[in-house]
Amino acid sequence: MKKYSIVIAGGGSTYTPGIVLMLLEHQERFPIRQIKMYDNDGERQEIVAKACGIYLKENAPEIAFHYTTDPREAFEDVDFVMAHIRVGKYAMREKDEKIPLKYGVLGQETCGPGGIAYGMRSIGGVLEILDYMETYSPDAWMLNYSNPAAIVAEATRRLRPNSKILNICDMPVGLEEMMAAMCGLESRKEMEVNYYGLNHFGWWTSIRHKDGRDLMPEIKEHMKKNGFLDGMPGPEESWDPSWAETYRMAKDVYAVDPDTIPNTYLKYYLYPNQVVKHSNPQHTRANEVMEGREKTVFTECRRIIEAGTAKDCHFHADAHASYIVDLAEALAYNTKQRMLLIVPNGGAIENFDPEAMVEIPCLVGSNGYEKICQGKIPRFQKGLMEQQVAVEKLVVEAWIEHSYIKLWQAITLSKTVPGADVAKQILDELIEANRGYWPELN
Ligand code: NAD
Ligand code: G6P
Ligand code: MN
């Protein structure tokens, strides 16, 4: 069996240890000979890399391990690039979230003006990594989950249409796990779904057990009462309060269209005022993550380095992220596994822009993916999606053309923003905050 070589781009990510452990757990179906890490922040990456290096030495000494900030060393001799970079890191996420809130507009990592600002930073970073891969390992695949995935995917469609990149998101995977739990199933893999939308902007239209049983009626009963809460794993004390609120609010999102099951991110577009009302403009999700996940991961890495052993480490394989192994395995071994990917529509949603990047089920194999047609979509979803896809396309055009007007239009068109005047105020402050990260706009 061939063994694969992988580079994790964004080696300093809070998700890196979880991904490394998850890769080790799946050695029998996806064997690895080498793991490399690449980041453009050497100091940050070194902490994560040294700790992972100790773990690997103790648990899988046969796997070669290397970390670097040198693109050539990183991208040479790899089969897969697993990319999760955050251009501007948490310091910029905090600004993305807090600046719109000053003007009464929601502040979110991937939605609304915050997501647009992040998109303007991410496009260049992701293209750079893709170009490194194509220069040093032209046959490799890039599995990208760097956000905002919708905007990044549109940028790669426009600017690198022939590149071997697949854009993917873990939100539907997580929500499917919760729906499987509601139905008393062991795993989401017992289900077969239909789903359409944009990234962080979609709906399930059918969920069946692989034996043919329709699971939608049961799931709808839970949604009507408690949103996704009935599918939450573990005791209530262990729930992250902001995510629990999102899962609860899915009930209100569901109410707007009881024929489908919504992605939780739709709360930002359907109930923006409520989200703003519940936000603290001085303390946003970025602060929670910096005080929570980021602190925990880096404290643990430093502890492991100091102790010189990872024997009693608190890392755990990121079960959520096992879809990344599924994807790599499908490409490597032509499994034709059915997965949701962010791909050019090209008629898969019949009555929607063929040039939009949509999130739909695909069969993944060694030649890439085959899309599964989702037919015609209803007017409500179509209207929402047309507005949102125009926002995403305008952002990418603004980035390519360095156009102030197009970025202003994008923010104005976002359903989360009340008008062009507010959009302009937010934009002008975002421009200041993003100097050095965005192209200079004219
Ligand atoms: P993080 O800030 O902890 O890690 C990101 C790393 O990327 C940092 O070490 C940073 O130095 C590095 N980086 C930034 N710009 C870079 C560049 N141009 N080249 C190389 N490295 C660069 O962030 P995190 O919270 O761990 O999240 C990482 C990314 O994964 C984010 O984009 C996040 O939104 C995304 N994510 C996506 C999904 C999904 O569903 N698609 C799920 C989880 C996380
Ligand atoms: C989900 C989404 C990701 C997003 C993450 C944010 O996993 O699919 O795209 O980055 O949530 O989580 P956080 O804990 O950083 O707010
Ligand atoms: Mn996502």
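**Briefing: metal site, ligands, pockets and cavities**

Strand β10 gives the largest share of the lining of the second largest pocket, four residues. This is a predicted model, in which local features need pLDDT of at least 70, side-chain atom pairs count only at pLDDT 80 or more, and totals for chains, interfaces and linings use all residues. Residues are numbered from 1 along each chain as its sequence is written, chains are lettered from A and ligands numbered from 1 in the order in which they are written, and side-chain values use heavy atoms, with hydrogens and water left out. Helices (H or I, at least four residues) and strands (E, at least two) are DSSP runs, numbered from the N terminus.

**Second largest pocket**

- The volume of this pocket is about 310 Å³.
- Its lining has 17 residues, and Glu176, Arg188, Met191, Arg338 and Met339 are the closest to the centre.
- Two or more lining residues come from each of α7 (171–182), β7 (191–198) and β10 (337–344).
- By class, the lining holds 10 nonpolar, one polar and six charged residues.
- Nonpolar covers Ala, Val, Leu, Ile, Met, Phe, Trp, Tyr, Cys and Pro; charged covers Asp, Glu, Lys and Arg; the others, Gly among them, are polar.
- On a 1 Å grid over the protein atoms alone, a pocket is an open set of points with protein on both sides within 12 Å along at least five of seven lines, whereas a cavity is a set where a 1.4 Å probe fits but cannot get out; lining residues have an atom within 4 Å of a point.
- Grid points are joined across faces, edges and corners, and a volume is the space filled by probe spheres set on the points.

**Cavities**

- There are two cavities of 30 Å³ or more.
- The largest cavity holds about 130 Å³ of space.
- Of its 17 lining residues, Thr110, Cys111, Tyr269, Gln388 and Glu392 lie nearest the centre.
- Helices α5 (112–136), α6 (149–159) and α14 (379–401) each give two or more residues to that lining.
- The lining of the largest cavity divides into eight nonpolar, eight polar and one charged.
- The second largest cavity has a volume of about 30 Å³.
- Trp203, Val253, Asp257, Thr260, Pro262, Leu270 and Phe380 line the second largest cavity.

**Manganese site (ligand 3)**

- Cys169 (SG) and His200 (NE2) are the protein donors, 2.2 to 2.4 Å from the manganese ion.
- Cys169 sits in the loop between β6 (165–167) and α7, and His200 in the loop between β7 and β8 (201–209), 31 residues apart.
- Donors are N, O and S atoms within 2.8 Å of the metal (3.2 Å for Na, K and Ca); water is not among the atoms, so sites may look incomplete.
- Cys169 and His200 are both buried (under 20% relative accessible area; exposed is over 50%, partly exposed in between; 1.4 Å probe, protein chains only).

- Among the 25 residues around ligand 1 (a heavy atom within 4 Å), Ser13, Asp39, Arg44, Tyr90 and Tyr118 come nearest.
- A side-chain N or O atom of Arg86 is 2.9 Å from an oxygen atom of ligand 1.
- For Asn147, a side-chain N or O atom is 2.8 Å from an oxygen atom of ligand 1.
- The residues around ligand 2 include Asn147, Cys169 and His200.
- Polar side-chain atoms of Arg93 and Arg293 each lie 2.8 Å from an oxygen atom of ligand 2.
- For Arg285, the distance from a polar side-chain atom to an oxygen atom of ligand 2 is 2.7 Å.

How values were computed
Polar contact = N/O pair within 3.5 Å; in protein donor to acceptor, adjacent residues only side chain to side chain.
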